[in-house]
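User: Hi, I'd like to go through this structure with you. Can you put it up first?
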Amino acid sequence: MIKGAVFDMDGLMFDTERLVYEIWQEMLDKDGYNYNLDVFKQTIGLRRDESERFYKSYYGEDFDYNSRKELSRKIHRQKILNEGVPIKKGLIELLEFLKDNGIKLAVATSTSAESAIFMIKTAGVYKYFDAFVCGNDVINGKPHPEVFLTAAERIGEAPESCLAYEDSFNGIKSAYSAGMTTIMVPDYLQPTEEILKMVNCLCNSLDQSIEYVKSKI
């Protein structure tokens, strides 16, 4: 019986991956780097330190990741303040359904706590969640299961009694390793055969999962 649900954030609850990609494309085009969507996809679901290692391995050790990360964060924050948070289809309907059925909710994101809470509050969905686990709350990033195991602990439920909502490969691997029931709503990345073996429910939008969840509660 399902008693908890743990949500990824970027690309899953909010359509922010596209915004981040556009910001990085513009920055690196300006600086003369060969950057494209395929490069960006390799950073989806990574924590800041992991992204830094990737960019330095790809562009060289002299690549100034931190200054670009700070600039992108400022641009991203201002766009959100000006235009609001782009909420994914079906998010509110799903959150309402889960809360109405007594399911405890948590966020498990690779994003820093400062940025994550800002986004969640700005989007108006902070009230739905009972716990938050962010990138700086854990030692090991996804695909390690630590972030999902920590989320389950914080809502007081066994991982086996929790749903995990994800859009990324590393996120699915993390939730699967934690022993959760996985629901994938792909964003940029369509699941491979390897990933499909770890997915219990594949949906095109968040609200599509409601019928599946009904069979689990």
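User: How many positive and negative side chains does the chain have?
Analyst: The chain has 26 positive and 34 negative side chains. Lys and Arg count as positive, Asp and Glu as negative; His and the chain ends are not counted. The centres of the two sets lie 2 Å apart, with each charge placed at NZ of Lys, CZ of Arg, CG of Asp or CD of Glu.
User: Where do these values come from?
Analyst: This is a predicted model: local features need pLDDT of at least 70, side-chain atom pairs count only at pLDDT 80 or more, and totals for chains, interfaces and linings use all residues. Residues are numbered from 1 along each chain as its sequence is written, and side-chain values use heavy atoms, leaving out hydrogens and water.
User: OK, new topic. What is the secondary structure of the chain?
Analyst: 10 helices and six strands. These are DSSP runs, numbered from the N terminus: helices are H or I with at least four residues, strands are E with at least two.
User: Which residues are buried in helix α6?
Analyst: Ser115, Ala116, Phe118, Met119 and Ile120, within residues 113-122. Buried means under 20% relative accessible area (1.4 Å probe, protein chains only).
User: And what covers the buried residues of α6?
Analyst: The cover includes α4 (65-83), β2 (104-108) and β3 (131-133). Contact here means heavy atoms within 4.5 Å.
User: What comes just after α6?
Analyst: Gly124, with a positive phi of about 80°.
User: Back to the whole chain. What share of the residues is buried?
Analyst: Buried residues make up 55% of the 217.

Note on methods
Buried means under 20% relative accessible area, exposed over 50%, partly exposed in between (1.4 Å probe, protein chains only).
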